[in-house]
Amino acid sequence: MNYNSVDLNELVEYCNQTLRSNEFKDYCPNGLQIQGRPQVQKILTGVTACQALLDEAVEWQADLVLVHHGYFWKGESSVLTGIKHRRIKTLMLNDISLLAYHLPLDAHPTLGNNARLGLRLGLETEDSMEPGNPLGLGNIGHVNEPCSLKSFARRIEQHLEREPQVIAGGEHKVSKVAWCTGAAERYIDMALALGADTYISGEISEPVVHIAREAGIHYIGAGHHATERYGVQALGEHLARHFGLEHRFVDIANPV
């Protein structure tokens, strides 16, 4: 198959507009974080721009790495030493661009992590967890047929290939479900306010266990990495179709 190439700046601008990245207040810069060669033909996607993913990009001779978790987070040291030095040096020596989208990729209504997780789990999305906010994070919807918590947890394990951590909030069936990928366990309060009987996120913290039990809502920690694998894949596939590029997703295993 013959693939096209696209100007790096054109691709970045297309992504920025598609994801409305300039409208988000985020914990990191969204968009182009490391500039590489001016033409892009091969895009490699992954959840996090870790060294293992970068090594795959070098071996595959990718022009651009597209991730959900990039670099330059608020509060982290700005010096380029150690792990950060090695990662950025890998990209720059091989003239590979790094493109990263955090909250914009969580929130997108069709390509986003939450939208894609809902599709994967067979959930019918009704709205975001912030009704009326076009940039709202998290989704709320329902299962096609109410089911037991045990069978719903089994569905999640089958689709995400990871055993979830399940906190029962009672004996009720799973029906109205809210979900927000990644480290959004404290959005459980929003899920309760919206009338959800079950809430899914990636991680779990000690207080959330007690909130779930006392408030009567099931909580499912399905994995930070596991819940955020699908948005970046969807965006990579979309770019490949739109520009006629070659795309490959690499899943670097992460148990968190």
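## Pockets

A pocket here is an open set of grid points where a 1.4 Å probe fits, with protein on both sides within 12 Å along at least five of seven lines. In this predicted model, the second largest pocket holds about 180 Å³ of space. Its lining consists of A107, H108, P109, A115, T125, D127, S128, N133, P134, G136, G138 and N139. Strand β7 (residues 123-128) gives the largest share of that lining, 3 residues. Sorted by class, the lining of the second largest pocket has 7 polar, 4 nonpolar and 1 charged residues.

The largest pocket has a volume of about 250 Å³. It is lined by 18 residues, and Y27, L103, L137, A183 and A184 lie nearest its centre. The lining of the largest pocket divides into 7 nonpolar, 6 polar and 5 charged residues.

## Nonpolar cores

The largest nonpolar core has 21 residues. Those with the most contacts inside it are A178, I188, A191, Y199, I217 and Y219. Helices α4 (103-107), α7 (188-193) and α8 (206-215) each supply at least two residues of this core. The largest share, 4 residues, comes from α8. Apart from this core lies another, of 20 residues, including I43, L99, L235 and L239.

With neighbours within four places in sequence left aside, Y219 is in contact with Q165, V166, I167, E185, I188, Y199, S201, G202, E203, I204, V208 and A212.

## Helix α8 and E214

Helix α8 also contains E214. This residue is exposed, because its relative accessible area is 68% and the cut-off for exposed is over 50%. The C-alpha atoms of E214 and L91 are separated by 48 Å, and the two residues are 123 apart along the chain.

## Positive phi in loops

F72 is not a glycine, yet has a positive phi of about 65°. It sits in the loop between β5 (64-69) and α3 (82-93). With a relative accessibility of 32%, F72 counts as partly exposed.

E161, also a residue other than glycine, has a positive phi near 55°. Its place is in the loop between α6 (149-160) and β9 (165-167). E161 has a relative accessible area of 70% and is therefore exposed.

Key: Residues are numbered from 1 along each chain as its sequence is written. This is a predicted model: local features need pLDDT of at least 70, side-chain atom pairs count only at pLDDT 80 or more; totals for chains, interfaces and linings use all residues. Side-chain values use heavy atoms; hydrogens and water are left out. A nonpolar core is a set of buried Ala, Val, Leu, Ile, Met, Phe, Trp, Tyr and Cys residues joined through side-chain atoms within 4.5 Å. Buried means under 20% relative accessible area, exposed over 50%, partly exposed in between (1.4 Å probe, protein chains only). Contact means heavy atoms within 4.5 Å. On a 1 Å grid over the protein atoms alone, a cavity is a set of points where a 1.4 Å probe fits but cannot get out, and a pocket is an open set with protein on both sides within 12 Å along at least five of seven lines; lining residues have an atom within 4 Å of a point. Grid points are joined across faces, edges and corners, and a volume is the space filled by probe spheres set on the points. Ala, Val, Leu, Ile, Met, Phe, Trp, Tyr, Cys and Pro count as nonpolar, Asp, Glu, Lys and Arg as charged, and the others, Gly among them, as polar.
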